[in-house]
Amino acid sequence: MYQFIYVITTALSIFLDIVLTCMFISAVLSWIIPDDEYPIVNLLNGFVELFVAPVRHVLERLGWFQGIPLDISFLITYILLSLISAFLVL
C-alpha cells in the first residue's frame with residue numbers, strides 16, 4: 001500500500017512541476033510575445049488557463065482584486081500549486 005501511495009504522490013508531484021514550469025514559461029512569453037500569433041504560445045496559454053480559470057472565477061465571485069490591472073489569479077494559482085507540490089514532497 002505504501003508503494004502505491006508513493007507512486008501516486010510522485011506522479012502528482014511531477015505533474016505539478018510540469019504545470020508550474022509551463023506557467024513560468026507562459027508568464028515570460030507574455031512579456032516577449034504579447035500577441036498570440038504563434039500556435040505553441042496559444043497551446044501553452046490554453047493549458048495554463050485550465051488551472052488559472054477556476055481561481056480567477058472564485059476571485060471574481062468574491063469581488064476581490066477588481067481594480068488591479070495585474071492578473072492576481074495567475075500569481076495565486078502559482079503559489080497554491082507550489083504549496084501543494086511542496087507538501088507532496090514531505
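**Exercise 1.** Work out how Phe-65 counts at 40% relative accessibility.

*Solution.* Phe-65 counts as partly exposed, because its relative accessibility is 40% (buried is under 20% relative accessible area, exposed over 50%, partly exposed in between, with a 1.4 Å probe and protein chains only). Then check the backbone: Phe-65 isn't a glycine, yet its phi is positive, about 55 degrees.

A word on the model: it's predicted, so local features need pLDDT of at least 70 and side-chain atom pairs pLDDT 80 or more, while totals for chains, interfaces and linings use all residues. Residues are numbered from 1 along each chain as its sequence is written, and side-chain values use heavy atoms, leaving out hydrogens and water.

**Exercise 2.** Describe how the axes of H2 and H3 cross.

*Solution.* Start with the geometry: the axes come within 9 Å and cross at roughly 110 degrees (lines fitted to C-alpha atoms over the stretch in contact, with angles from 0 to 180 degrees between N-to-C directions). H2 and H3 are therefore roughly perpendicular (65 to 115 degrees). Now the residues: on the H2 side, Val-48, Phe-51, Val-52, Val-55, Arg-56 and Leu-59 meet Ser-73, Phe-74, Ile-76, Thr-77 and Leu-81 of H3 (contact is heavy atoms within 4.5 Å).

**Exercise 3.** Find the partners that Cys-22 touches, not counting residues up to four places away in sequence.

*Solution.* With those neighbours skipped, Cys-22 touches Leu-44, Phe-47 and Val-48.

Notes:
Helices (H or I, at least four residues) and strands (E, at least two) are DSSP runs, numbered from the N terminus. Angles under 35 degrees count as roughly parallel, over 145 as roughly antiparallel, 65 to 115 as roughly perpendicular and the rest as oblique.
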